[in-house]
2 protein chains.
Amino acid sequence: MTPSFTPTKMGSMIYLDHHSATRPCEPAIERMGPFLKEQWGASFAPHRMGQELVFALDTRYQMIYDLVAASEKDQFVFTSSGAEAINQVFWSVFVEKARKEGKCHIIISQIEDAPVMQCAKRLEELGCIIKVAPVDENGQIDVEKLAELVNPRTALISLTMAHGLTGVIQPVEEIIQLAKEKNVLLHLDATYAVGKYPFIFESDYLTFSGDRIHSVKGSGALFAKEGAPLVPFILGGSEQNSLRGGAFDVPSFMALSAAAQQAMLYLDMMALEVVRLRDLFESEVKGTVLFKDTMRLPNTTAIAFEKVHQEALLYYLNRKGVYATIGGSYAGHLSKISENAISFSLSRMTTEEEVLKAAAIINETVLQLQAISEAL
Amino acid sequence: MTPSFTPTKMGSMIYLDHHSATRPCEPAIERMGPFLKEQWGASFAPHRMGQELVFALDTRYQMIYDLVAASEKDQFVFTSSGAEAINQVFWSVFVEKARKEGKCHIIISQIEDAPVMQCAKRLEELGCIIKVAPVDENGQIDVEKLAELVNPRTALISLTMAHGLTGVIQPVEEIIQLAKEKNVLLHLDATYAVGKYPFIFESDYLTFSGDRIHSVKGSGALFAKEGAPLVPFILGGSEQNSLRGGAFDVPSFMALSAAAQQAMLYLDMMALEVVRLRDLFESEVKGTVLFKDTMRLPNTTAIAFEKVHQEALLYYLNRKGVYATIGGSYAGHLSKISENAISFSLSRMTTEEEVLKAAAIINETVLQLQAISEAL
C-alpha cells in the first residue's frame, strides 16, 4: 500500500490539536538516550545494571510530584498511559471497596473521556451501580446534583478536571469538599489540566498521560493518597512496590520526568503567552466561542460556525494544513455540545504567526463552506 | 542521595543476564527517532498527523508476524510488556469463558513466571479454579499428568514455552495436540523462546516481551488465533480495533518491529554461534550444568557449584563485573531447583572473549567461596 502523500514536514502544518497529542520536547527525548543505549538493564536485576538504575530513578520522581504539588507521602505508579492509570484506579476501588466492603456505587459525569466511561461500564458488568452526574449550561458539573447522587454505598466519584475539547474547568474545590464530607473516594482525571495551570493534588487519586504534556507516548501517571486503596492492575512481579507488573520502562519514565520539569517551568507562559495567543485566535476567528464566560484552560477553545458542519470543516482544514479536532468516541465528542463547533488547542510551542495564519485559513474555509451550504 | 559508583561503562562488564533484559539494538532505537521527533501525532487524530501514521504502521506489523510465523488471520495487540499481554489473555478468558460459559477451570504449570502465576491467582479470587501441572525430572511439564487435569470445565491451559533460567524447552507440540483434542484454549508464554529458535504460532494465544529480544522496554506482543476470545484489558478508546485503550505507542511499536526483524535475521546465528559460545562456556566453567540432556534454549545455561550458595556467588560475580541471575519471585527462582546454581544467558551480542573471561572469573570466585566454606 503506497501512501498518497509524503510525511508531514514540521512547518508545513499548523498543529492546533494538542488535545490528541503533543510534540515530545527535546529534554524528554534526550533524557531517554542513556537509558536506551547504556543503562538498559532491568531495574529488578540482581547486579549493577539493575542497581545503578535505582539511583538514577530515585531523584527523577520529584519533578513529577512537583508538577501536581504531591507530597512525599503520596503514592505514585508509572503507567504506560493515562488510560492505564484510570483502569488501575477503577480496579483498585473494585477490589478493595466493592468486593471487600460492598461499597459498589460509582459516580462519573456526562462529559468523561473513553477510559472513565469504559471502566465504569466494566465495573457495571461486574455488579457495580454507575450513576452519571449532569453538567449545567456553563459546561460544568452540577455539584448540587452530584451531591444528590451520593449515598452510603458510594465508593468513588470519578471526574475530569477540565473538558479537553471545550477547556471548561470543573468546580474541583467544591467537589473535593463534597467528597471529603461524604467520605467518598475522589478520582480526578487531570489529562487536560496538568501543565496548563498550577494545582495541588488534594483528591484521593489523580491520573494523567505524558503524551499531552510533551512527554512520549507510553508514559502515564497515577497518584494516590496514603490510605487510598491501591492494588496492581497489570500483574506480574514486584516492580514499583508490586503496584505494576512488567519491566519498569525506565526510558519512558525519564521522558515523563523531564517533560514534567519542563511543564512546570512553562506554567507561567501558559497563563500569559498561551492565553494571549488563544485570545488573539478567538478574536481573529469569525465564529462563536463556546463557554467563553466560564473558567477555561489557557490553551483550548471550541468555536462554533453557523451553517457549517464540523466534519466538513475539519476535513477541509486538514487539507489546508490546519489540524484541529472534534474529539473521539463517547462523551468526548464535540457533537454532543454542538455540531457546528471545532476544538482548537495550543501549546507553548504554538507561535503568533501560526495562530494568525490558522485564523485566516479558517475564516476563508468557513466562508467557502457557508457559500456551498447556501447554494444547495 | 549520591550514588557510590559511576554508571556502568559498556566493556567493563560481562553481561550474561539476557534473561532479565537485553540491550536495545541499533535498528530498534533508530526506528523510533522519526516517530518521536516528527511523526508524533496520535494515530487516532482526525487529520494528517494521524492518517500518515496509519500508513507508516501498516507495513511494520509483518516483521512481528514473521518472527512467530503467524498468519494474516491471526489477531495482534501491541502492549506495553509481555506481562500486560498475559494479563489480557487471562482477562479475555475470564470474561468470555468463565463468566459467559461457566468454563472457569484454568491450568498453569509449576514453573511459570510471575505474570501467569499472579493472573491465575487473580482469577482464583474471582471464582475460577486453578490447577498446577507438575514438571518431571527433566524440567519438562509432564504431559500425561497435564492431560489428567483437564476436565469439561477447563477453559485455558497457560504454559511457558521454555524456562527462562534453565533454558529447558517444553514439549509444546504434544501440548498443542492435547489442547486441540480436549477443546481447551492454550496460551504459550514465548518470552524466553521467541527469537531463540524458529517456531510457528499454533496455540490460541502467544505472548512475549520486546525487552528480551533487543527491543525497548514498553513493548510487548499478544497474538490470538481467529476465534479465540479477545477483549480489551486496558480500556479507553478505539485504538487497535478497540482491543487496547490509551494512545498507541508508535515509537515503541516501531522498535519492536525492527527488533523482530533483527531477531529473525539472527535466528541462524542463535542456532550456530550462540550455541557454540554457550557450549564453550559450559565446558570452561567448572560446575554441573543442569538439564544438560534436555532440549534447551541456545543461549541459556544454569550451572550448579558444589558447596557454594547461589546468593553469595551472585554477589561476588556482580562485584567482579559478571552479571548473571537466579531469577525473581514465584516459581521463576532457581532456588526452587537448586540453591547452588546460577543462570547465565547469552545473546547474539555476546563475544567469545567475554565468555572465556567470565568462565575464568567464575571458576576463580567459586574456588574462593569453596575455600571460605571449608574454612568455616
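Among contacts in chain A (heavy atoms within 4.5 Å) between residues at least 6 apart in sequence, 71% join residues at least 24 apart. The model is predicted, so local features need pLDDT of at least 70 and side-chain atom pairs pLDDT 80 or more, while totals for chains, interfaces and linings use all residues. Residues are numbered from 1 along each chain as its sequence is written, chains are lettered from A in the order in which they are written, and side-chain values use heavy atoms, with hydrogens and water left out.

| Property of chain A | Value |
|---|---|
| C-alpha box along the principal axes | roughly 70 × 55 × 45 Å |
| Radius of gyration over C-alpha atoms | 22 Å |

Buried residues, those under 20% relative accessible area with a 1.4 Å probe and protein chains only, make up 64% of the 376 residues in chain A.

Helix α5 of chain A (residues 114–125) reaches 16 Å from its first C-alpha to its last. Nine of its twelve residues are buried, so α5(A) is largely enclosed by the rest of the structure; among them are Val116(A), Met117(A) and Leu123(A). The buried residues of α5(A) pack against elements including β3 (105–109) of chain A and α4 (82–101) of chain B.

The axes of helix α1 (residues 26–37) of chain A and helix α1 (residues 26–37) of chain B, as lines fitted to C-alpha atoms over the stretch in contact, come within 13 Å and cross at roughly 170°. That makes α1(A) roughly antiparallel to α1(B), a term for angles over 145 degrees.

Notes: Helices (H or I, at least four residues) and strands (E, at least two) are DSSP runs, numbered from the N terminus. The expected span of a helix is 1.5 Å times one less than its number of residues. Buried means under 20% relative accessible area, exposed over 50%, partly exposed in between (1.4 Å probe, protein chains only). Axes are lines fitted to C-alpha atoms, for helices over the stretch in contact, and angles run from 0 to 180 degrees between N-to-C directions. Angles under 35 degrees count as roughly parallel, over 145 as roughly antiparallel, 65 to 115 as roughly perpendicular and the rest as oblique. The radius of gyration is taken over C-alpha atoms; the globule rule is 2.2 Å times the number of residues to the power 0.38.
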